[in-house]
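Please open the model in a viewer and keep the sequence at hand.

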Amino acid sequence: MKKIVINVAVFATVIGILVVLLLSFGSDQGAKYVYKNNKEHKIIQIKPKEYQCSECNMDIENLNYMVELIAQNGNTYFFDDIGCVVLWLKTHTPTDYRVVVKTIDTQKWMDADKVWYSRTSPSPMGYGFAPFEKKREGFVSFDTMKMLMLQGKNLHDPFVKKKLLGR
């Protein structure tokens, strides 16, 4: 009985320490995932680390790969990687929305389904997909990128990585 009480006390202490550590990492404002009241449905300019990815919760640091999902209700969701948008949409069903990306080659904001995706870019989450306005050899459409992402055929898969990068 004494061992059980000691084990429970140690377990409770460890959990308490973990909770305190996790709370200490948060900011005073808390995490920011959504910009509300974007009634004009415009692209929201943000600063690095101002918002977190709505899927993976990472700070959005590299604005070159940032993606915005602008919903009809005025909510704008931010993502650090186009792969995160695909995963997020598996479990979320916003009505009437638009996904916009900033192209790597021309730095233009464009609809995600109107650009081409490389499969070997150093994207923040390491999936390898990055948006380009101009098509090049090996680039894929939005629908193909989405399918590859949902099938797990991205740079996280060692066989795909070896095939595409030779390592």
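Which residues do ring pairs link into a cluster? Select Tyr-77, Phe-79 and Trp-88, which ring pairs join into a cluster. This is a predicted model, in which local features need pLDDT of at least 70 and side-chain atom pairs count only at pLDDT 80 or more, while totals for chains, interfaces and linings use all residues. Residues are numbered from 1 along each chain as its sequence is written, and side-chain values use heavy atoms, with hydrogens and water left out.

**The aromatic cluster**

Rings of Phe, Tyr and Trp (its six-membered ring) pair if their centres lie within 6.5 Å; planes under 30 degrees apart count as stacked, over 60 as edge-to-face and the rest as tilted. By this rule there are 5 aromatic pairs. Begin with Tyr-77 and Trp-88: the ring centres are 4.9 Å apart and the planes stand at 45°, so the pair is tilted. Because Tyr-77 belongs to strand β3 (residues 76–79) and Trp-88 to helix α2 (residues 82–91), this pair ties together parts that are 11 residues apart in sequence. Helices (H or I, at least four residues) and strands (E, at least two) are DSSP runs, numbered from the N terminus.

Phe-79 is buried at 0%, Trp-88 is buried at 4%, and Tyr-77 counts as buried at 17%.

**Around Tyr-77**

Now display the surroundings of Tyr-77. Leaving aside residues up to four places away in sequence, Tyr-77 touches residues including Tyr-33, Val-34, Ser-54 and Leu-69, where contact means heavy atoms within 4.5 Å. Tyr-33 is 44 residues from Tyr-77 in sequence, yet the two are 6.1 Å apart in space, C-alpha to C-alpha.

**Charges over rings**

A charge sits over a ring if NZ of Lys or CZ of Arg is within 6 Å of the ring centre and within 35 degrees of the ring normal. Select Lys-32, which lies over the face of Tyr-51 at 4.6 Å from the ring centre. Then move to Lys-135, whose charged end sits over the ring of Trp-116, 4.4 Å from its centre.

Technical notes:
Buried < 20%, exposed > 50% of the residue type's maximum accessible area, 1.4 Å probe, protein only.
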